[in-house]
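Q: Could you take a close look at one part of this protein for me? I'd like a walk through the contacts, residue by residue.

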Amino acid sequence: YIYDSNTNTYTVYNADGLLAWNEASQKDESINCTLATDIDLTGKEWTRSGIFTFYSGVFNGQGHRITGFNSSAMNNTGFLGSLLSERGVIKNLQLIDVNLYGSSGSAAGIVEQNEGQIIACSVTGKISAYGRTCGIADLNYGSITACWFDGTLKDYESGAIVRFNYNTITSCYWGGNAERGEFRNFGGTVDATKVDGATVKWQTAVDGMNIALTDNDYQWALGTDGLPVLQKKQ
């Protein structure tokens, strides 16, 4: 990795660099991260400590994919930790074929509680837990825009995008076994659609998400496996 102290940013080139950012960001939760390439975490131990991890930086995947993200010891947390603060942003990231298990709580693909912005992110794979499971976030008090989940969730208060929504979900889609995009909505705005392969296909999802990403540097395109992939906007 390369660390730029002027912008407080780690530019990450491999799994060890991502692990170094992960450790540093749990001491200074404002440290930004930019992925310069796809990352394979196979065989690496990934943890985000405690329920008081308030990430407030910007994590920009730049359209890259993280594979091999597996954990059997998650507790009320996700890839980016327990809570994305109001200043926090995670965007342009694809988590591929995750295998997550919340051994003593709930598990979500991206973050446990979102109070910031989650933009153009996707999660595929299996998420199970002692408690609740969600594809993107467990609780949403911020905004989730143009994200999607495809995979298997434990069917207990599960939501393909979120469990409880209190704010805004825009142009999000899901496939897999989940019955609903959000388990319960508390006065927020929910635009989440199931891809059923008949009336709604993944190309429909690509078109819908890209309308919401007019100001983003990346947009979705239909990949060779039939699922959306992120591409740099031309």
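Which residues of helix α1 (residues 15–25) are buried?

A: Keep in mind that this is a predicted model. In helix α1, the buried residues are A15, G17, L18, W21, N22, A24 and S25. As background, an α-helix has 3.6 residues a turn, so residues three or four places apart point the same way. The buried residues of α1 pack against a whole set of strands: β2 (9–12), β3 (32–35), β4 (39–40), β5 (54–55), β6 (58–60) and β7 (65–67). At the N-terminal end, α1 is capped by N14, which has a side-chain oxygen 3.2 Å from the backbone nitrogen of D16.

Now for the strands around the helix. β2 and β3 run parallel and are joined by 4 bridges, and T9 stands opposite N32 in β3. To get from β2 to β3 the chain goes through α1, and this β-α-β crossover is right-handed. Within β3, N32 and T34 point one way while C33 and L35 point the other way, yet all are buried. β3 also runs parallel to β6, with 2 bridges joining them; there, C33 stands opposite F59.

F59 leads on to the aromatics. Together with W21, W46, Y55, F69 and F79, F59 belongs to a cluster linked by ring pairs, and W21 is one of the buried residues of α1. The structure holds 14 aromatic pairs. Take Y166 and F186: their ring centres are 4.9 Å apart and their planes sit at 10 degrees, so that pair counts as stacked. Y166 is in the loop between β18 (162–165) and β19 (168–176), and F186 is in the loop between β20 (182–185) and β21 (189–194), so the pair ties together parts that are 20 residues apart in sequence. Y166 is partly exposed, with a relative accessible area of 31%, and F186 is partly exposed too, at 36%.

Y166 also turns up in the contacts of N140. That residue is in strand β15 (residues 137–140) and counts as buried, at 0% relative accessibility. Leaving out residues up to four places away in sequence, N140 touches N114, V162, F164, N165, Y166, N167, T168 and I169. With N114 there is a polar contact between side chains, at 2.8 Å. N114 and N140 are also bridge partners, and their strands, β12 (residues 111–114) and β15, pair in the parallel sense over 3 bridges. F164, another residue that N140 touches, has R163 lying over its face, 4.0 Å from the ring centre.

Stepping back to the sheet, β12 and β15 are among 6 strands that form an open sheet with parallel pairing, in the order β5-β9-β12-β15-β18-β20. Its edge strands are β5 and β20, each of which pairs on one side only. That brings us back to the helix: β5 is also one of the strands that the buried residues of α1 pack against.

Definitions and conventions
Residues are numbered from 1 along each chain as its sequence is written. This is a predicted model: local features need pLDDT of at least 70, side-chain atom pairs count only at pLDDT 80 or more; totals for chains, interfaces and linings use all residues. Side-chain values use heavy atoms; hydrogens and water are left out. Buried means under 20% relative accessible area, exposed over 50%, partly exposed in between (1.4 Å probe, protein chains only). Contact means heavy atoms within 4.5 Å. A polar contact is a pair of N or O atoms within 3.5 Å; within protein, one must be able to donate a hydrogen and the other to accept it, and residues adjacent in sequence count only if both atoms are side-chain atoms. Rings of Phe, Tyr and Trp (its six-membered ring) pair if their centres lie within 6.5 Å; planes under 30 degrees apart count as stacked, over 60 as edge-to-face and the rest as tilted. A charge sits over a ring if NZ of Lys or CZ of Arg is within 6 Å of the ring centre and within 35 degrees of the ring normal. Two strands pair if DSSP finds at least two bridges between them. A crossover is right-handed if, with the strands pointing away from the viewer, the path from the first strand over the helix to the second runs clockwise.
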